Amino acid sequence: MSKSMMIDAASTAEQNNTKVPVNYADRALGILACFAVTWGLLGLLSFTFFVTADLQALSGTYRPEQIAYILDTPFWVRAGQALGVFGMLTGSVYLLLRRKSAYYWFMWSLLGTLTVLLDTILRSGFQTMGGMESGVNIAVTVVGIFMFWGTYSAYQEGQLTGE
């Protein structure tokens with residue numbers, strides 16, 4: 001049902017005191033977009049902390065080998081983190097606006113997230129950082145895949161318009 005048809009149905013329903021049909025796919029897409037904005041903002045806070053953190057800020061929370069792991073993170077991983085976070089934020093805004101370009105932004109976000117996961121595997125980050133940080137890393141990857149899949153489905157079903 002197109003948006004103009006839904007508006008006509010809503011105005012007719014108000015006049016006749018009847019219920020308007022609910023578009024559950026559109027509602028689910030809105031919930032997904034709100035979740036993506038929240039997740040992206042949390043990612044931005046985390047990214048900002050790790051980029052600006054110094055030895056003193058890290059020493060209260062992490063062990064010396066974990067601090068060395070964080071401070072020795074290569075540039076290409078930081079670039080992947082930035083791509084993941086800003087791709088998620090930009091994609092979520094475009095998803096709120098129901099734009100097709102949200103799909104591409106979530107694709108870039110997933111690429112950045114997988115880059116960070118690759119680094120974690122290559123540098124034995126799961127062993128170094130421990131359970132909590134490893135769980136967060138895995139959760140970020142799962143959410144990135146889910147956001148890409150959800151946006152891809154909306155893209156294929158024609159729920160996203162414009163560029």
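Trainee: What does the side chain of Arg 98 reach, and at what distance?

Mentor: In this predicted model, that side chain gets to the backbone oxygen of Leu 96 at 3.3 Å.

Trainee: Where does Arg 98 lie?

Mentor: In the loop between α5 (75-96) and α6 (101-122).

Trainee: Why is Arg 98 called buried?

Mentor: Its relative accessibility is 14%. Buried means under 20%, so Arg 98 counts as buried.

Trainee: Which residues does Arg 98 touch, leaving aside those up to four places away in sequence?

Mentor: Asp 26, Leu 29 and Gly 30, plus Gln 159, Leu 160 and Thr 161.

Trainee: Okay, over to Met 107. What makes Met 107 partly exposed?

Mentor: Met 107 sits in helix α6 and has 33% relative accessibility.

Trainee: Which residues form the nonpolar patch on the surface?

Mentor: Met 107 is one of them, along with Leu 83, Tyr 104, Trp 105, Trp 108 and Leu 111. Together they have about 530 Å² of accessible area, and α6 supplies the largest share, five residues.

Trainee: And the whole chain: how many helices and strands are there?

Mentor: Seven helices and zero strands. Of the 163 residues, 34% are buried. The chain exposes about 9,800 Å², with 67% of that from carbon and sulfur atoms.

Conventions: Residues numbered from 1 in each chain as written. Predicted model: local features only at pLDDT ≥ 70, side-chain atom pairs only at ≥ 80, totals over all residues. Heavy atoms only, no water. Helix = DSSP H or I, 4+ residues; strand = E, 2+ residues; numbered from the N terminus. Buried < 20%, exposed > 50% of the residue type's maximum accessible area, 1.4 Å probe, protein only. Polar contact = N/O pair within 3.5 Å; in protein donor to acceptor, adjacent residues only side chain to side chain. Contact = heavy atoms within 4.5 Å. Patch = residues over 30% accessible without salt bridge, like charges linked within 9 Å, V, L, I, M, F, W, Y side chains within 5 Å. Areas by Shrake-Rupley, 256 points an atom, 1.4 Å probe, with all protein chains shown as cover. Salt bridge = Lys/Arg side-chain N within 4 Å of Asp/Glu carboxyl O.
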